[in-house]
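User: Please zoom in on a single part of this model and walk me through it in detail. I'd like the cut-offs spelled out as you go.

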Amino acid sequence: MAEGVTVGHEASHPALQHHFENLEQQREAGALGMWVFLVTEIMFFGGMFLAYTLYRTKFPAAFASASNHLDLTLGAVNTVVLILSSFTMAL
């Protein structure tokens with residue numbers, strides 16, 4: 001049996017979750033999960049920006065007209081809330 005691996009996890013590390021054989025496997029699974037998450041976020045937001053660019057190029061008059069209806073104060077407040085909430089989660 002490999003060093004550090006015990007049957008039933010009798011003498012395992014307190015941070016080791018029950019479905020992993022050792023801490024290295026647990027760390028690798030966490031790293032892989034984070035990379036998969038980052039790639040899906042890049043694809044999602046990349047698709048959103050691509051759609052925005054295509055629609056803005058195809059309908060420039062509609063975008064120019066719609067920009068007259070935007071509320072600068074509401075946009076600024078929403079931006080501050082988003083940044084502060086992201087900051088607090090990062091802490």
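Analyst: Ser-12 comes out as partly exposed, because its relative accessible area is 28%, and that class runs between buried (under 20%) and exposed (over 50%), using a 1.4 Å probe and protein chains only. Keep in mind that this is a predicted model, so local features need pLDDT of at least 70 and side-chain atom pairs count only at pLDDT 80 or more, while totals for chains, interfaces and linings use all residues. Numbering starts from 1 along each chain as its sequence is written, and side-chain values use heavy atoms, with hydrogens and water left out.

Ser-12 sits in the segment before α1; helices here are DSSP runs of H or I with at least four residues, strands are runs of E with at least two, and the numbering goes from the N terminus. In sequence, Ser-12 and Asn-22 are 10 residues apart, yet their C-alpha atoms are 7.9 Å apart in space. Asn-22 in turn caps the N-terminal end of α1, putting a side-chain oxygen 3.3 Å from the backbone nitrogen of Glu-24.

The structure holds 1 salt bridge. Glu-24 and Arg-27 lie 3 residues apart in α1, about one turn of the helix. With a relative accessible area of 40%, Glu-24 is partly exposed.

A polar atom of its side chain lies 2.9 Å from the backbone nitrogen of Gln-17. Leaving out residues up to four places away in sequence, Gln-26 touches Ala-15, Leu-16, Gln-17 and Phe-20, contact being heavy atoms within 4.5 Å.

Further along, Met-34, Trp-35, Phe-37 and Leu-38 make a nonpolar surface patch, together about 450 Å² of accessible area. Patch members need over 30% relative accessible area and no salt bridge; like charges are joined within 9 Å and nonpolar side chains (Val, Leu, Ile, Met, Phe, Trp, Tyr) within 5 Å. Areas are Shrake-Rupley with a 1.4 Å probe, and for residues only the protein chains shown count as cover. Phe-37 belongs to α1 and is partly exposed at 43%.

As for the geometry of α1, its 36 residues (23-58) should span 52 Å at 1.5 Å a residue, and the end C-alpha atoms are 52 Å apart, so the two agree. The expected span is 1.5 Å times one less than the number of residues.

The 19 residues of α3 should span 27 Å, which agrees with end C-alpha atoms 27 Å apart. Ser-86 is in α3, and its side chain reaches the backbone oxygen of Leu-82 at 3.0 Å.

Overall, 4% of the 91 residues count as buried, and the chain exposes about 8100 Å², 71% of it from carbon and sulfur atoms.

Methods. A polar contact is a pair of N or O atoms within 3.5 Å; within protein, one must be able to donate a hydrogen and the other to accept it, and residues adjacent in sequence count only if both atoms are side-chain atoms. A salt bridge is a side-chain nitrogen of Lys or Arg within 4 Å of a carboxyl oxygen of Asp or Glu.
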